[in-house]
Amino acid sequence: MGTGTEEPSSSGGGSASRARGLAVKALVLLGGALLLKWLRKSTTRWDHARAVADSLIGEKFSREQARRDPAGYFNMRTLTCPATEMVDGSRVLYFEQAFWRTHQKPFRQRFYMVKPCPKEMKCDVQLSSYAIRDVEEYKNFCDRPKDQRPQPEEVIGDITEHLTTVHLSRCERGKRCLYEGSTPPSGYPNSWNGASYCTSELIVHKNGEVHTWDRGYDDEGNQVWGPKAGPYEFKPATPSSYDYMFSPLNLPSALALEKTTENSFAVGFMM
């Protein structure tokens, strides 16, 4: 029986309801996808440690900096490679530093241990350096075939005196670096060239560059070794690195500089 008015169609209401339901489902799916993407992109403490270790590995030179300021910086070569892994997952790297012309004769050799910072600290990665029990046994470690190197279990036994620890944090957005950090302000004991303590600053860049600024100070706080103007800038090896090495124009000045290494104010490299 009619009432004189027309009731809304039930099919129209159902369509609107289904549309709302589909919209809600779409939002839920989209939110889930975004959450999954975020979870996949979130970086763990060990991801930070791996990123720093991977950035340190390789052959790097301070060639360009030595060209710009030959009085303040030497053209040096650093070489770093994996040595072993500790039970807790910490990566141990072997590091050596030499003048580019005599890279087979490193004047500094270290083990680096890379792991996440303790949870209570406001940093991402802890990079510690250690002395090596017998440096002669490890000379040119990275350049040798793996079966001619000390084996991983031997490496663990050859890690001796703790030297320094740098605490690194992820760089803020907009910076060209990946990680940056330093030793505590009080530094670590050091007696080279009249020093009583030393400090180190480290910056790891996105392009593979590693900047290190190591300085030694006496009891009065006077700097007694290390560059004054700024950090050493080590860039990944390129063909031009080797062209510069063997340039006849560069050789005499480089030889003269190397002879003064022991008394140099600029060479200091503590890490």
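Me: Which residues in α2 are buried?
Reply: His48, Ala49, Val52, Ala53, Ser55 and Leu56 are the buried ones in α2. Buried means under 20% relative accessible area, exposed over 50%, and partly exposed in between (1.4 Å probe, protein chains only).

Me: What is this model based on, before I go on?
Reply: This is a predicted model, in which local features need pLDDT of at least 70 and side-chain atom pairs count only at pLDDT 80 or more, while totals for chains, interfaces and linings use all residues. Residues are numbered from 1 along each chain as its sequence is written, and side-chain values use heavy atoms, leaving out hydrogens and water.

Me: Back to α2. Where do those buried residues sit around the axis?
Reply: His48, Ala49, Val52, Ala53, Ser55 and Leu56 cover an arc of only 165° around the axis (taken from the directions to the C-beta atoms), so they are on the same side of α2.

Me: How many residues does α2 have?
Reply: Helix α2 has twelve, residues 45-56, and reaches 17 Å from its first C-alpha to its last. That is close to the 16 Å expected, where the expected span is 1.5 Å times one less than the number of residues. Helices (H or I, at least four residues) and strands (E, at least two) are DSSP runs, numbered from the N terminus.

Me: What comes just after α2?
Reply: Gly58, which takes a positive phi of about 125°.

Me: Where is Asn140, and is it buried or exposed?
Reply: Asn140 is in the loop between α4 and α5. Its relative accessibility is 18%, so Asn140 counts as buried.

Me: And where is Asn193?
Reply: Asn193 lies in the loop between β8 (188-189) and β9 (197-205). With a relative accessible area of 41%, Asn193 is partly exposed.

Me: Which parts does the pair of Tyr94 and Phe141 tie together?
Reply: Tyr94 lies in strand β3 (residues 91-99) and Phe141 in the loop between α4 (135-138) and α5 (152-157), so the pair joins parts 47 residues apart in sequence. Both Tyr94 and Phe141 are buried.

Me: Why is the pair of Phe95 and Tyr112 stacked?
Reply: The ring centres of Phe95 and Tyr112 are 5.1 Å apart and the planes are at 25°, so the pair counts as stacked. Phe95 is in strand β3 and Tyr112 in strand β4 (residues 108-116), so parts 17 residues apart in sequence are tied together. Both Phe95 and Tyr112 are buried.

Me: Which residues do ring pairs link into a cluster?
Reply: Tyr94, Phe111, Tyr138 and Phe141.

Me: Last one. Which strand pairs with β1?
Reply: Strand β12 (residues 232-236) does, in the antiparallel sense over two bridges with β1 (residues 58-61). Two strands pair if DSSP finds at least two bridges between them. Phe61 has Lys235 in β12 as its bridge partner. Strand β10 (residues 210-217) also pairs with β12, antiparallel, over three bridges, and Val210 has Phe234 of β12 as its bridge partner.

Note on methods
Phe/Tyr/Trp six-rings, centres within 6.5 Å; stacked < 30°, edge-to-face > 60°.
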